[in-house]
Amino acid sequence: MRTALTLLIALGAVLALSLTACKKEDNSAGTSGVTDDTVKIGLFVSTTGDYATFGGDTKNGVDLAVEEINAAGGINGKKIDLKFQDTASKPEEGGSAAVKLATQENVLVAMGAVASGISLSAAPVFQKNGIPMISPSSTNPTVTQQGDQIFRICFLDDFQGAACAVFARKDLKKEKAAILMNQDDAYSTGLGKFFKAKFEKLGGKVVAEESFKAKTSEFNTQITNIKNANPDIIFVPAYYNDVALIGKQFRSQGVDVPLLGGDGWESGKLIPNAGPGTLDGCYFGNHYSQADDREVVKNFVANYKKKYGEAPSSLAALGYDDVYVAKKAIENAGAFDRAKIREALANLKDFEGVTGKFSIDENRNARKPISMLKIEGEKFNLVRQIQPGEVE
Amino acid sequence: MGRMIGILVVSLAVVLGVNWFLDSYIDQYVVRVINMCGISIILAVSLNVINGLCGQFSLGHAGFMAIGAYVSAWFTTTLRYFDEAQAKYVAIEPMFSSQWGFVPALIVGGIAAAIAGAVVGIPTLRLKGDYLAIATLGFGEIVTIMITNFETIGGANGLPGLPAYSNTFWIFAFVVIVVMFSWYLQRSTFGRALIAIRENELAAEVMGISASRMKVMAFIYGAFFAGIAGGLLGHLLQTISPATFNFMKSIEVVVMLVLGGLGSMTGAIVGAIVLTALPEALRDVESEIGLVGVRMVAYALVLILLMIFRPQGIFGQKELSLKLLGRLIPGRKSGNAGGEE
């Protein structure tokens, strides 16, 4: 009995102690996060854990953009004070990071996260606190459905999957598709689902649908099944590390049908991992193409290479665009006021970014083209851009 | 019994007061960390009954959490899923659409997890040590795979849009309940039987303890509260996904126990608080230094150092009591600090 009581008292004491240090701040004013010469912008991505490479690239892109903007005098005369929080690839930490940015740091606008699961746990926090959140690359459709403060600047899995189907059916004139997807990954199953729906709607036939478990390295059963179904295109909505293995195993089983995939393929490691020639003649959809000759892309690629010594990935490009979207919205709003910034974001039209020219639609998603790339040797060459209008 | 109810009522009133205080005066971020600590305490204390008291090494706690989280969400959340036949999103309205449905939903989630606990408990009749750990790990995997392939509850995408019902009051109400129950359990015939099984199963059987029944009971008890914790976490984060409940989550809880001292409830509580609050406290250090990843390195370092210098955990198998505190204060005899009993 005594010990039970002691425990409860100790618990209470710990609670009380941890509280005295921190007082609640009043952040009801819409202009918070702004001082005379700085404006606080939050960034939460995973720089540790499973998504560390994605988060790291995004952060590099963001850092580059912030550096450029601050060197050019900031936003309406105020320098960006970037507040970064790591989400450790865990939704719980994403939630905590969001609360920290929203309340203690009191940022004007928040950017993040890459993984949809983490964006989903952060979104309710920013929604509740009335802070606009712009996700650079969370593709799960439900992310922006969490509230009217939540925006994203990448295309969605349904568009991406459907665009790949349009590309396979109309550009490549393929009739029989096989799908090989990662059953543990929402991104992969989502793309597979939307590809199938569109491909069949366009008169094609899905002859085989196979899936594998995350972290598998052996795909022989699935490949044999797909081989027996005799498709003329194989849709592999997976990440580059899986794609490299899958490509190799398809080729060693004598299947030389082109593979097609989504933005998960994009990586400097895809070709080295798969081996030279393995993926020649395969296609994938991506957010941008480094070979794009628009001025903004050229500048970005050159500056990024100078700063980090490597070619920027799509995630870096999206992180970079994210900061400029925030800047543009604040400028359009004409004030450092969250409600006005939210309006400006919702009405953003024809934004010229690295990842294409885009507008924000009524569901707070970006309406933008996808670049279909063809793998030729070490190069990813742009075949064409598919506009949203072609897919609907 | 009467006294137990009395303590329960008083502590719930205290929790209610604390909840009001936190809501009105304290930074939301600190409240969030406190709430996460509360959920970790429920998890660690309930796992302590299986791993610490009964000595059955289980890695299935995340699986029980997942069941509790998804079952409770089933009752409180509007389910939207993509219907292949109609090729559009379909919505199912929740059964309990108000805050009043939260506790019933949590309890149902806990019961579902407890049933799973009974199912998992049965192989423990044959398996021990590492083999049991692997079997429970397998159970956790089965749960996440089943959720992944269940489109109605979001599949691999996870289930967003859970109502924000969890707050400090509910979380700490369950902390109080699990701590009190586990405390009484530890001193009851049942608890003593569990300890006897841990120390020597054969000897316990000889003394007339039905080891198989006791082990299954321990699993049911632990799983019930893990399910409650899962439901609380889901309604705090407002989104759940199979990836949240992977085996790393189970390992995190085991680490909390080992850090605090396997078999000590106080240890479980301290371990839960330290391992939940530490990474958060280190956030400021990280932004101060500006070196990404320092947080996780420091976290790992604490674990390594502790295991080198205090392999039995912070508390070993001891409990914190006024007696222990009394002994620390010079000039006082031990034992007369606590008053009655």
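The structure is a predicted model, in which local features need pLDDT of at least 70, side-chain atom pairs count only at pLDDT 80 or more, and totals for chains, interfaces and linings use all residues. Residues are numbered from 1 along each chain as its sequence is written, while chains are lettered from A and ligands numbered from 1 in the order in which they are written.

In chain A, seven strands make up an open sheet with mixed pairing, in the order 7-6-8-9-10-14-15. Strands (E, at least two residues) and helices (H or I, at least four) are DSSP runs numbered from the N terminus, and two strands pair if DSSP finds at least two bridges between them. Strand 7 (205–212) and strand 15 (379–386) of chain A each have a single partner strand, so one side of each edge strand has no neighbour in the sheet. From one strand to the next, the twist averages 25°; axes are lines fitted to C-alpha atoms, for helices over the stretch in contact, with angles from 0 to 180 degrees between N-to-C directions.

Strand 10 (residues 283–286) of chain A is joined to strand 14 (residues 370–376) of chain A by four bridges, and the two run antiparallel. Here A:Phe284 stands opposite A:Leu373, and A:Asn286 stands opposite A:Ser371. With strand 9 (residues 259–261) of chain A, strand 10 of chain A pairs in the parallel sense over two bridges, and A:Gly261 stands opposite A:Phe284. In a regular strand the side chains alternate between the two faces of the sheet. In strand 10 of chain A, A:Tyr283 and A:Gly285 point one way, A:Phe284 and A:Asn286 the other way, and all are buried (20 or more other C-beta atoms within 10 Å of a residue's own, with C-beta atoms placed from the backbone).

Turning to chain B, helix 6 (residues 168–187) and helix 9 (residues 211–237) of chain B pack at an angle of about 170°, with their axes 11 Å apart. Helix 6 of chain B is therefore roughly antiparallel to helix 9 of chain B, a term for angles over 145 degrees. B:Trp170, B:Ile171, B:Phe174 and B:Val178 in helix 6 of chain B meet B:Phe225, B:Ile228 and B:Leu232 in helix 9 of chain B; contact requires C-beta atoms, placed from the backbone, within 7 Å.

Helix 5 (residues 129–148) of chain B has buried residues including B:Leu132, B:Phe139 and B:Val143. Among the elements covering the buried residues of helix 5 of chain B are helix 3 (61–76), helix 4 (102–121) and helix 10 (247–260) of chain B.

Methods. Angles under 35 degrees count as roughly parallel, over 145 as roughly antiparallel, 65 to 115 as roughly perpendicular and the rest as oblique. Two residues are in contact if their C-beta atoms, placed from the backbone, lie within 7 Å. A residue is buried if 20 or more other C-beta atoms lie within 10 Å of its own, exposed if 12 or fewer, and partly exposed in between; C-beta atoms are placed from the backbone.
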